[in-house]
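Here are some notes for a colleague who is opening this structure for the first time. Please read them with the model on screen.

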Amino acid sequence: MAGAGTPEWLIREDAGQPVLLALYLRQVLGIRSPDELPLLRGIPPRATAPDRDTDEHELLERQWREYWAMTVEPQAHPSPVPLDLVDGFETLVALPIEGSDLLRAAMAPHAAEAVAFAQSAHARYVRDAGSGVAYRAYASAIAEHERQVGRRAHSFELNVQVLPLAQRGVWWIGSLTVAVTDGLRGDIAAFDAAIHPIIAELA
């Protein structure tokens, strides 16, 4: 990204299948958190299941939040116990062997449609992402930031998840990870304006 002796920046962009799948499960299981992140388009949200009492639902939410953190930034959120793949989810879901029993049972009936959704949304992202376009978009935002602050950008790392969310915007979903709506990502001018504050915060 930069020559020898100059600051380096690393931006990874994807529509990761594990992230897409986790958000699908969030919606069909009636999980509210993270509150600020919009729902996925085209997936009807589900209210709390009538057979789940408040305490049980709170436990499910806590287990999902731990799974979400490990999915979005696995290096920053290692599991204290070994992980085990969940049947029906191919290699897309691994949960701790202890402390995730409720989530494991709740997600099981949704395996086939969750995997299909994640694969389809990821394939759409790959189809829509033009070669080299992602690099140019971020390089432009960084160059503009450098012009505004009058110095080279500091070295930084950023992960960008391009997701089919119901509202346009950019949201922090980890310490080094943002979610951006696919529609916003496809709008060059709007995306440039939206990503600039993120770049400014890091660089």
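1. α1 and α4 are oblique to each other. The term applies because angles under 35 degrees count as roughly parallel, over 145 as roughly antiparallel, 65 to 115 as roughly perpendicular, and the rest as oblique. Helix α4 covers residues 111-128, and α1 packs on α4 at about 135 degrees with the axes 8 Å apart. Axes are lines fitted to C-alpha atoms, for helices over the stretch in contact, and angles run from 0 to 180 degrees between N-to-C directions.

2. A word on the source. This is a predicted model, in which local features need pLDDT of at least 70 and side-chain atom pairs count only at pLDDT 80 or more, while totals for chains, interfaces and linings use all residues. Residues are numbered from 1 along each chain as its sequence is written, and side-chain values use heavy atoms, with hydrogens and water left out.

3. The crossing of α1 and α4 is right-handed. A crossing is right-handed if the near helix is turned clockwise from the far one by less than a right angle, and left-handed if anticlockwise. On the α1 side, Q17, L20, L21, Y24 and L25 take part. They meet E113, A114, V115, F117, A118, Q119, A121 and H122 of α4. Contact here means heavy atoms within 4.5 Å. By class, this contact has nine nonpolar, three polar and one charged residues. Ala, Val, Leu, Ile, Met, Phe, Trp, Tyr, Cys and Pro count as nonpolar, Asp, Glu, Lys and Arg as charged, and the others, Gly among them, as polar.

4. Now the pair α1 and α2. Helix α1 spans residues 17-28 and helix α2 spans residues 54-72. Their axes come within 10 Å and cross at roughly 165 degrees. That makes α1 roughly antiparallel to α2. The crossing is left-handed. From α1, the contact uses P18, V19, L21, A22, L23, L25 and R26. From α2, it uses W64, Y67, W68 and T71. The classes are nine nonpolar, one polar and one charged.

5. What is the overall layout? The protein has seven helices and six strands, in the order β-α-α-β-β-α-α-α-β-β-β-α-α along the sequence. Helices (H or I, at least four residues) and strands (E, at least two) are DSSP runs, numbered from the N terminus.

6. On overall size, the C-alpha atoms fill a box of roughly 60 × 35 × 30 Å along the principal axes. Buried residues make up 43% of the 203 residues. Buried means under 20% relative accessible area, exposed over 50%, and partly exposed in between (1.4 Å probe, protein chains only). Among contacts between residues at least 6 apart in sequence, 61% join residues at least 24 apart.

7. Is S100 buried or exposed? At 3% relative accessibility, S100 counts as buried. S100 sits in the loop between β3 (94-96) and α3 (101-107). Leaving out residues up to four places away in sequence, S100 touches Q63 and L95.

8. R152 lies in the loop between α5 (133-149) and β4 (156-163). At 47% relative accessibility, R152 is partly exposed. R152 and E8 are 144 residues apart in sequence, yet their C-alpha atoms are 9.9 Å apart.

9. A123 is in helix α4. With 40% relative accessibility, A123 counts as partly exposed. A123 and Q17 are 106 residues apart along the chain, and their C-alpha atoms are separated by 9.4 Å.
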